[in-house]
Amino acid sequence: MRLSIGVKIFSIAVFLAIVMIAAALLSESRVRQAEIRIDVLADHLLPLLENSNELRTTALREKMEFDLIVSSEASGEAAEAQRVEKLYEDHFQRFSAVARAMHDEIDAAIDKLPTADRKLTLANLRVHVEAIVSEHEQLHRLIKRIIARHTEGNEAAKTELIGLYRQQDESFIDADRTLAGEIRAVVDAVALTAKKDEAEAISFEHIVTAIAAILGLLLASIMTRALLSPIRNLRLASVAIKEGDLSKHVEISGNDELADLSDTFNEMIDQLRQKEKTEAVFGRYVDPRVIDRLVDETGENANDLAAAGRQEASIFFSDIAGYTSVSERLTPSGLVHLMNEYFNMAGEPITETGGLIDKFIGDAVMAFWCPPFVPAEDIGKLACKAAIGEAAMIRAFQERLPEITGIRVGAPKIDIRMGIATGEVIVGSIGSTNKRNFTVIGDMVNLSSRLEGANKFYGTQTLICQRTHELIGDGFITREIDNLAVKGKNEAIRVFELFADGQPTSDIADAFGHFAEALDHYRHGNWTESEKNFKACLDAKPDDAPSRVFLSRIERLKAQPPGADWDGVWHLDAK
């Protein structure tokens, strides 16, 4: 029979509810015993104790009135004697009323208390109360006689009666103290018993509840084991999927909803495996972020891709210097291994800065930065950061070259040249209906390639355009190299060398300062001052290739001076 999870859980809940109700009923009787004693204590015994104190107070007042008479030296004062006698009579009536109230409280407590021993103790208290009342009446009669003798002025008889009063009063005081002690003992005993009953009731309830809980848990563990096992398996498999492990399969047991869920889960894992395999293969050809964007921009029709649009982007080109000579020294398999290792390392700075690797062209790498993959205001800065990372990468790559190529002695030297141009391009999915590429096209793509090639004429490693230089702000060491018109373009652009990040050392700052001053003189045709400052730059930075290029160029210009319309632009006809 198929039982749903809801029925199983409801059955456990009903069983636990029945057990807890039974436990509550069993402990209720113990709690009721404690409540009865607390009620007797609050309603009768504590008032009894208060009445006992009231008896003592009344007796003390009587004694004080009596002392007023016996201490008086005058005799025969009838008016005073009558006054004292009336006060004493009032106290006597009050004493009697309190004694009756105590008697009533004791009877009420006896009726309510459930235990026979306490009833017997209270009965003894009632006897003691009656005894005290009797002794008090005797004192009352004796005091009346003393007052009469005082009124008559019979001091001898009065003195004799006072002595008798003192004896009976001592006996009364002892009896009153004994009664008060017994009442306090009964109050303490009932309070202690009530507290004990309450503690026993709580303990009993805890014990019964614990037994009920154990039974409930035992039954629940038996009934839910079949539920927990598939849930645990599903959880472990889900965690494994979250961590990228799709090798898990959930065992199916039972015939409830969890069995259906486990079967569906296994089907989902199979589909995820197939999807992961597809993405792993496809991801080597297209950046996963591009895939996500294309999927997001795809309508119900798979061919309905968003059109490419214009936006500003930073384009990066890099190339291996002397690649041909390097390739000639290696076997085809060795060259493939070398390039795979190179591209693995070259891709890291680009992807770490959010760039998209567009393509590998022989030994060249093309990449770009643009929204929505990176913030629009950071495209130039991220591209330059990647170029600096590429420079550090190639130094580490050169150290590994003997290991990669297997050439321990005379291993080829690897260096790269990079160009970065920033401007408006067309970005998007471009191609035919059946074949498309997510790429960038436009003048900036061509310019970045030309800037990469221009490095070999200036002896630099990385050249960037003016727009890129405007975007990067502080944090990079740069210098303006030239006003350059690359091949295929008549319009000149200001070209800058990206030297490093951070702040320049004093030597570099000094060298670049001389270079900037020399470049300004050069553009104004002041060859002598220009040569002087280029040489000063070489003094500060002896390996500065651009300074040597300009010194050589100045020699040619001095030999063949430019026309009056010369604007300082250098036309680069080679790639």
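These are my notebook entries on a predicted model of one protein chain.

**Ground rules.** I number residues from 1 along each chain as its sequence is written, and I keep to heavy atoms for side-chain values, with hydrogens and water left out. Since the model is predicted, I take local features at pLDDT of at least 70 and side-chain atom pairs only at pLDDT 80 or more, while totals for chains, interfaces and linings use all residues.

**Whole chain.** I looked up the secondary structure and got 14 helices and 9 strands (DSSP runs numbered from the N terminus, H or I of at least four residues for helices, E of at least two for strands). Of the 575 residues, 39% count as buried (under 20% relative accessible area, with exposed over 50% and partly exposed in between, 1.4 Å probe, protein chains only). I also checked contacts (heavy atoms within 4.5 Å): among those between residues at least 6 apart in sequence, 72% join residues at least 24 apart.

**Strand S4.** How much of S4 is buried? I find 12 of the 17 residues in S4 (415-431) buried, so the strand is largely enclosed by the rest of the structure. Next I went through its partners (two strands pair if DSSP finds at least two bridges between them).
- S1 (residues 309-321) runs antiparallel to S4 over 13 bridges, and Arg310 has Ile426 as its bridge partner in S4.
- S5 (residues 436-441) is also antiparallel to S4, with 6 bridges; Ile430 is bridged to Asn437 of S5, and a hairpin of 4 residues links S4 to S5.
- S6 (residues 462-465) is parallel to S4, through 3 bridges, and there Met418 is bridged to Thr462.

**Cores.** I then looked for nonpolar cores (sets of buried Ala, Val, Leu, Ile, Met, Phe, Trp, Tyr and Cys residues joined through side-chain atoms within 4.5 Å). The largest has 42 residues, and Ile315, Phe368, Val440, Tyr522 and Phe534 touch the most other members. Helix H12 (residues 506-523) gives the most to this core, 7 residues. A second, separate core holds 40 residues, among them Phe316, Ala346, Ala391 and Phe476.

I followed up Phe368. Leaving aside neighbours within four places in sequence, Phe368 is in contact with residues including Ile315, Val427, Phe438 and Val440.

**Thr405.** I found Thr405 in helix H9. Thr405 is buried, with a relative accessible area of 17%. A polar atom of its side chain lies 2.8 Å from the backbone oxygen of Leu401. Not counting residues up to four places away in sequence, Thr405 touches Leu330 and Leu338.

Most residues other than glycine have a negative phi, and most peptide bonds are trans.

Key: A polar contact is a pair of N or O atoms within 3.5 Å; within protein, one must be able to donate a hydrogen and the other to accept it, and residues adjacent in sequence count only if both atoms are side-chain atoms.
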